[in-house]
Structure formats: C-alpha cells, structure tokens
Amino acid sequence: MPANKPSEIDTATVRRIARLARIAVKDAELPALAKELGGILAWVAVLDEVDTAAVAPMASVHDEVLRWREDRVTDGGYSADIVANAPAQEAGFFAVPKVVE
Amino acid sequence: MNLPASISEARARLADRTLSANELVRAELKAMAAARPLNAFITETPEIALAMAGESDRRLARGEARALEGIPLAIKDLFCTKGVLTTAASHILDGFQPTYESTVTRKLWEAGAILLGKTNLDEFAMGSSNESSHYGPVKSPWRRAGDNRPLTPGGSSGGSAAAVAAGLALGATGTDTGGSIRQPAAVSGVVGLKPTYGRCSRWGIVAFASSLDQAGPFARNVRDAAVLLRSMAGFDPQDSTSADRPVPDYELACERPARGIKVGVPGEYRVAGMPPEIEALWQRGCDWLKAAGAEVVEVSLPHTKYALPAYYIVAPAEASSNLARYDGVRYGLRVPGEDIQQMYEKTRAAGFGCEVRRRVLIGTYVLSAGYYDAYYVKAQKLRRLIKQDFQAAFGRVDAILTPTTPGPAFALGEKADDPIAMYLNDVFTVTANLAGLPGISVPAGLSADGLPLGLQLLGPAFAEETILTLAAELERAASFTARPEPWWRLP
Amino acid sequence: MSRDASKLVAAASGPWEVVIGLEVHAQVTSAAKLFSGAATAFGAAPNAQVSLVDAAMPGMLPVINRVCVEQAVKTGLGLAAEINRVSVFDRKNYFYPDLPAGYQISQYKQPIVGKGRLLIDLADGTTREVGITRLHLEQDAGKSLHDQHPRHSYVDLNRAGVALMEIVSEPDMRSAEEAGAYLRKLRAILRYLGTCDGNMEEGSLRADVNVSVRRPGEGYGTRCEIKNVNSIRFVQQAIDYEAKRQIALIEDGGSVKQQTRLFDSRTGSTREMRSKEEAHDYRYFPDPDLLPLELSEAFISGLSASLPELPDAKKARFMRELALNAYDASVLVAEKETADYFEALAQGRDAKVAANWLTGDLFGHLNRLGKGIADSPVSAARLGELLDLLTAGSISGRAAKDVLAEMVDSGQSAKAIVETKGLTQVSDSDAIEGLIDEVIAGNADKVGQYRAGKEPLLGWFVGQVMKASRGKANPALANELLRKKLAS
Ligand SMILES: [Mg+2]
Ligand SMILES: [Zn+2]
C-alpha cells in the first residue's frame, strides 16, 4: 500500500480540493468540512486490510467490448435546442463572463 | 371509483372497458393532489397525463392497446422528459426543460404508459432518505404504530416509492446506484427491481455514477415489476454500456415454479448488530423458499465488508466528474461572478446541497494527484474481488437471498448529521451495483412497530427471470397486504 | 544522439543546444464526431453542428465512431508504430467554458498507438529519424470568442467533440528547421493516408511546441510549452524566439520556469498564458461511459493491407525504378498531389524529363500564380501531350516553353496552341537544306573560317538557320545537315 494517505485532512487541502471542484467554500466552513471528509476517508481506509497487489483494477463490470457507431451524420442541426436552456445566449452563442487567456 | 390495486388489474379492466384510461388518470391525479403533504412529486403533469389518457382510450377503443396502454406512472425526476421540468432535485438544474426524452421513459410512452408527474428524490440521487432534495424530503406514507413523527420513505428514489406505496401511481421508475430502488422499496412496502447493469439504457437519465447507475421499476407486486421491466429494458445503441441481447417475457417468469432452484445465503451479511427482527425475517424467507421446493445453502462472499467503503470511493469519484457539467454555462442555475472562475464557484456553491458537495469533494480528492492509486485504483481492485466473490457463489447457486436493509424506515432527521450512519443503509444493496448484478426487494413482513421490511434476491448477470420466479414465491408466501393509513389525505 | 555542431546556438558563454518536442493535434478526417453523430464540417453557423452529447446535456452518453478508430490505426501504421490491441478512454477533468462536460474524453495511460518513428528530410538532402512517443484519440473542445463583446466571451460548440489525434514526438529535434521538416513530413503522411487534411489555416493541424535549452552533452533543461501554434512558419519563429529567451534568461543568471506560453504571430514572440497559471490536476480516470477499445488482428491487418504507398517508399521507388536523384525524388513526394501528378505525367515518358518539366517549368508558373499543384491550370494529361510533341520532334524545346506559358494562361491544349501559332517544327530535310543553302550563300566569310578549322562556328550557323526558320527548324536535324554541307 502506498504510504500516501494522510491520517487527517487539513483545511488547506479542503480549500485546494474545493478549488479544483470549482465550489466556493467559506473559510468558516473549512474546519467542519475537513473533519467530515477526514471521517469518510478514515472509514474507507479499511480497504487497506486487503492485499490487492495481484488484483487488476476493474473499471467496468461488463465483459462486453466497445461497440462502434458508423461514420454517418445523424445528429445536430438544432442550434435553437442547444441554447434553449442557456442562462445567457447572444446570437446563437452561449455567453459567459469574459475569459482572458 | 375504486382504483385498481395493480397494473395487472388495471390492464384487465381497461381491456374489458369497465374502466377508461381517462377515469383511471383522473382518479390518480386526484389522489396525487390529495397527497401533497407527502411531497412525493416535484412536478405534477396533469395536462400531459390527460392528453396521454385520451390517446390511450382511442387506442383501446380501436383494439390497438399496447403493453402498458393507459397505465399511469410516476417518473423519478432524474429521467429527462421532453418539455417537462427535470431537476434531479437539485437547485443547480433550476428551470431545466430537456428538449429530449430519456430512452427508458420513451419506451414506456411507446408502450402506452401515462406520465403523472416527476417524483422527488435525493439530490442527484445521492442519499438514502430523500432528505438531500432541494425540494424538501418526501414523507413516508407509513408511520410507526402510535407515533406521528414523519419517517423517511428511503432514498434516493423516495418519491417513487412513496407514490406507489400511497396508491398515487400504479408503478414508478427509479434508479439504483447503491440501493436507491431496493432500499426505498423495502422500507415503503413495495416491490423494487434493479436490473443487471446494461439491461436498461442510461441515455437521458441524469448521471450520478455511470458504472453503477441502473434504472428499474417500482410496483405493487412482483408481476407488475416484471411487466414494467419488459417495457423499460432493451438494447440502446446510444448507450455504449447497454446490453445487446433480447428482452425476455419477464411476466412468464413469475409463473414458474421455484422448485429445484438453488438459493445461497451469505454468512457475511449476518452483520454485527443486526436487529433480531431482520434476522428472523431472513430466516422466514429461507423457510418459505425451502417450502416451495428451492434448495437453500450457505455461500460465502468474503469481501462483503469492503463493498460499502469501495462504493464510497468509486461513486463519488465518478460523480465529481459527471457533475462538472453543471457550471452555469449551458443550462440551469447561474450565479454571476466577476469572472468565469467566480461564476463557476458561486454557481456550484449555491446550486449543490451539502451531500452533493461532500461527495463531489471526496470524489475530487480520491482522483487527485498522489491519491488516485491509494483510493480510486484500490477501490476498483476491491470491486473486482467483490465481483469474483459473486462469480464463485453463482458457480454453486442460482440466486442469493438477503435482507434488503438493516432495519425499517427511520425518522426524518434521525441520521441527517452522520453521513456514515446514513451510508450504512445501503450495506446489503451496494454489492449488486459494484458487481453489476440484478436484485429485487419484496415486502416480506412488518417490523415490531408496524413498518415494512423487505427481502432481497440477487442473481447472476441477466438472470432477472430467476429472481422474479423466487420473488413471486416469496410474495405468495409472505402475503404482505399491509397498507399505510392515509393520514396525509386532507379532510 | 550525436549532433553536428552547426545546430548549436552560439552565445557569449559558449554554445547551447535547443531541444524540441512536438505535440501535434491533427483533426481526424471523418464525417461525424468522435462520440456523436453531429457533422464535423468547417464553417457552420454557431452551435448548428452540435448534438445533445456534444453540449453535455444531462444524461447524454458517448458512442465511438468506427472511422475515427480506423483513421488513428492507419496513422499509427503510417508512423511505423505499435498498435495497441487494447486501449482505454479516460476523462481529463478541467473547467473551461468551451469544454461542456467539464472533462475531455482522451486517452492517457493506454493510448491506441504506441512508439513509432518518422524520417525527416532536411534541406541538405539528408534525412534523420525522429521518434514518435504515442498517438491517442481525443475530443476537440469548442471555440471561445473573446473579442465579440466587451464583457462576454462567446462559446460555439461546433468543434466540440470532433476527433483529434494527438501525436507526440520524442524531444529529438534540435532546430527550428528540423521542427519544420517534421511538421511537413507528418502533414504529408497524414495527407497520403487521408486521415487528416492537414489544413493549418482551418486548425486541422495545431502544434504544441516544447522547447528547452541545454549545454551540449548535459541533461534536459526545463521546458516551456507553447500552445496551439497553427503554421509551420510560426512554429519555427516560436522556437527561435523561445530558445533566445531561455538562453538570455540563463545567461543573465536566471532560470527557466516550466510554463505554458502563447505565441503572438504579430510580434513573433511568446508570452505566459494567464488562464493556465494555476497548477493543473486533471484527475484522469477511465471513462465509465465507455468500455476498453479492443482491436482484432484482422481489423489491423485489413487496414495495413489498405495503406497507400507513403512518401519514403515512393521516394525510394522513384530513385530505384526511375533513376531519379534523391533531391528530385524528395521534392516530388513531398506532397501527395505532386507525386500523383508526377506519376501520371511520367507514365510511358522519360521520368527525368517529366520531373524537370514538373518541378522546373510548371512549378515556376504555379509559384507565379500562387497556386498549388492541386489547382494547376494544366493537368498532367495536358502537360504530357506537350512533352509528347517535344519528344516526337514536332516542336522545339524553346517553343515548348512558350507553349506551356500559353497553356497556363489560356487553358488551351498544347496541340491547339502549336497549330494556331504555327509552331510546328520543321523536320523536313529539303526545307531545312534550302535554308542552309541560303545561310551558306550569304556568309561565305564564316564558311571559310569554319572550313579553315574554326569548328565552334557551327553553333552560330545553327542559330542562323533557326532564325531563318523563325524557330521552327528541328535543331538536331539542322545541326546534322549543316555539318554535312559545310564539310563538302
Ligand atoms: Mg498537449
Ligand atoms: Zn490533446
């Protein structure tokens, strides 16, 4: 088992994770969240009991192989539907606050 | 008019024209409106229901009835329905009206079923009590004997379970990612079936955890569940994980004898602290199946105790990615910000409730650099071991019998501030999701304080027929007839 | 790898070596997108070529396009690369407005194509091998327009979900010239294979350029990645600028910071990207909406058998079978259209003559017109007719050049031009002898000198005969007859 798991999760980590997930978290919420997430991570750490060195990870329960679509244009052509639910749209585009590259 | 007690009965009465689809729908709409204190529906769709009933009556008159002609259903608000608000019980999908119809609901409408409304659920199907809904919790139609405190209908498909239990719909759809059909079915006293992963298309169902999510029916009885599943199931080329194999006539399976079927009882499910009444119920289930000629043997599923922790890595990981699309750009809620990043952060902070936020953060953490192998890969390895446990067991037996839940419905608020205590509700159901197997919960008795309890049957992949045969047997033996007192009906 | 010293950059403190690796995003040629049935065509109205899947509507699921898989495998075979029998699609998670799902479906740990190689052709006629690290399939993002509104960016998802092949090279290049040669060769191979149109203006081929500098013989320096450069010239400018910048930084006692940078084509410089400042954590994991992609031996060998002849093989064949030299052969195979044109032209004709007329005369005209071989006003068949007239001696070489110019301008056939202009070469001995007699009669002094031993005068006599024939006399015949007459 990689010795990668912290025994606790600190508020800086919660802040970093929340930033990655793009969820604003107030500073005042951080300690409680850290405790909560730490509790869950401690609980799932029971998996470390199992020696899985020889086990391949399983991403899908399926035994089947990936099916392929034929290369035909069968979709699109309904831009009005695409932007129908948009909070802001202009001239058929989605509009968002300006992004600076 | 007295409402039909089941889909089978409704079908017969619609066919012999002693009941019209319009009458049936009007009666259900009335019951639904009268049951608003249950908060089972987020959106009621009476106009659509009546229009669909009109079409059904015309077809019935022409003798062109389809498999579910005129049958009113409640649809979990996780299924996208064209032109009808679809929320996933989340603030972040405010006002979202899909321009498309999910494959499962499309198939139901093509079979003649009728949309009554969209049922309440835990936000993004994350929960076991319906308390994480942005639209408030569903109240179970059931109450403890001599106790008026509101109880949970279970979750996440709590609204669907409650609607069927309270007689507001003849059947309902749900989705089951870790037990979200079977657990609410069990604590609400109805039948709930989670099919094999890939049996029903996921296209158009708001995704929670893609490798685990599976749609299935709620019904008053096993046969109705079989009837509904037959129309919901089937290959969908739009879902790469959909199984390309024929759909059997599940209804026939309900008629078959259980004699000779080998049923396994996994010792590992006899968890420490299991209430005696659950233990006793399980034993009764074994006895009933034996009496019906099935053979009951002990089996071992050694990695059972790791299923729930593995699930709470895999499901949040997938969810953290699946929910990234809710960013305020293309649909749903947008909270303005100074710049795009602030808009994302504010929108997602306001749009997601506590449980969703918790899982998105956990999922983000277990996938993040440095932790991926220690958590995510580890959980995927356990998942393989759990699947192998089942494969080994199904080398010896045809099905597995367990309790559905570790106990009856609990009171709203009772487990609200202990996430792990809440997660433990799914301890018996989550294994089937990790292994992609079919499972069904059948009402099998009442707890000491008069609440429904369910038994669960699990089968090998695509052995829905086997578990339906056994479930029908349990149903006959248990003859569960209890119904909740309709306390919710306004005088 | 040993390098010749001419590749090194001289600086005050001594020579530096520039190390370059390229990540090329090549748009797969396909009718529909990688995971949806929406069209890929360029230039549609905003959000018109967008499916619900491309817009990441709730509940939408990807289904992979067979042709995109085939194109990736073909490209892998064309790069002499390993084709992985099993590959996996992963999600690369990050937030950006033109990335609708909040993740890009890409391939991370198990790409469809593994290690391969590419031979680059350098200006001095030599070739060098550049290693290919991998090729993977992934989705393109949509397009953000930042200059349409003072406070908003606009998002168009028409490109979102279009299949890209990301082709990653080893850091094997040492100069802008080599990087340019790599891109030209890669583009040629993609075009030969028909797996990418290679159109850089429309963004079908974009390069992320990784540049670092080091002292010869030392380990790799810290690299900077210049994102999304969309022309070969810009790639070369970016490398030169970036190498100078990094060398200056280090020589000033500073150090290079690993960065993502943008190339500004107006100033020819690079600058740090603001939006990418943040450290990335893409949280790759296998996409649970898809299963592993498995390829059968039969599928791969079928594609392998269908591969066209590629530039290197064609060049070798031209040298071997048509006795062309290495330089001519590489010029002819550099673009598939040129090679096709040449092969049509050389069919049944002298290959060397065909090569000269194509790369010399016709290319000259095309250059003048700013046209490519694909839209040459003179087809291979038409140019062939001209060469046939020349070979048959019906026109002179001199006249042929004029005829070609006329063909380019008027689009008429060689025969028609030769006839209307009366350019048919005179190969009738009697007629030419008549002209020769006239010239001899009128230049007795020169005849005397010739006969006295001043043999180089023969050329002058030929010129006089040609002039008298207004260029129509067959010069070879005139030459031969003159010799006889002057000798007698
Ligand atoms: Mg790159
Ligand atoms: Zn890429």
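How many residues does the contact take from chain A and from chain B? Select both chains to see: 55 residues come from chain A and 70 residues from chain B. Contact here means heavy atoms within 4.5 Å.

Before going on, some ground rules. This is a predicted model, where local features need pLDDT of at least 70 and side-chain atom pairs count only at pLDDT 80 or more, while totals for chains, interfaces and linings use all residues. Residues are numbered from 1 along each chain as its sequence is written, chains are lettered from A and ligands numbered from 1 in the order in which they are written, and side-chain values use heavy atoms, with hydrogens and water left out.

**Stop 1**

Hide the rest and keep chain A. Chain A has three helices and three strands. Their order from the N terminus is α-α-β-α-β-β. Helices (H or I, at least four residues) and strands (E, at least two) are DSSP runs, numbered from the N terminus. The radius of gyration of chain A is 23 Å, well over the 13 Å that the globule rule gives for 101 residues, so chain A is more spread out than a compact globule. That radius is taken over C-alpha atoms, and the globule rule is 2.2 Å times the number of residues to the power 0.38. Of the 101 residues in chain A, 43% are buried. Buried means under 20% relative accessible area, exposed over 50%, and partly exposed in between (1.4 Å probe, protein chains only).

**Stop 2: chain A against chain B**

Bring chain B back. About 5600 Å² is buried between chain A and chain B, with carbon and sulfur atoms giving 67%. Buried area is the accessible area (1.4 Å probe) that two parts lose on being put together, summed over both. Four salt bridges cross this interface. The rule asks for a side-chain nitrogen of Lys or Arg within 4 Å of a carboxyl oxygen of Asp or Glu. Select Arg358(B) and Glu36(A): they form a salt bridge, with the closest N and O atoms 2.6 Å apart.

Now color the elements of chain A. Helix 2 of chain A gives the largest share, eight residues. By class, this side of chain A divides into 37 nonpolar, six polar and 12 charged residues. Ala, Val, Leu, Ile, Met, Phe, Trp, Tyr, Cys and Pro count as nonpolar, Asp, Glu, Lys and Arg as charged, and the others, Gly among them, as polar.

**Stop 3: chain C against chain B**

Switch to chain C. Here 30 residues of chain C are in contact with 40 residues of chain B. The area buried between them is about 2800 Å², and carbon and sulfur atoms give 58% of it. Pick Pro58(C), Leu61(C) and Phe95(C): they supply 23% of the area that chain C buries against chain B, more than any other three residues.

How many salt bridges are counted between chain C and chain B? The count is one. Select Arg202(B) and Asp289(C), whose side chains meet in a salt bridge (3.1 Å, N to O).

**Stop 4: Gly463(C)**

Last, go to helix 14 of chain C, residues 457-468, and find Gly463(C) there. Gly463(C) is partly exposed, with a relative accessible area of 33%. Gly463(C) and Gly194(C) lie 269 residues apart in sequence and 51 Å apart in space, C-alpha to C-alpha.
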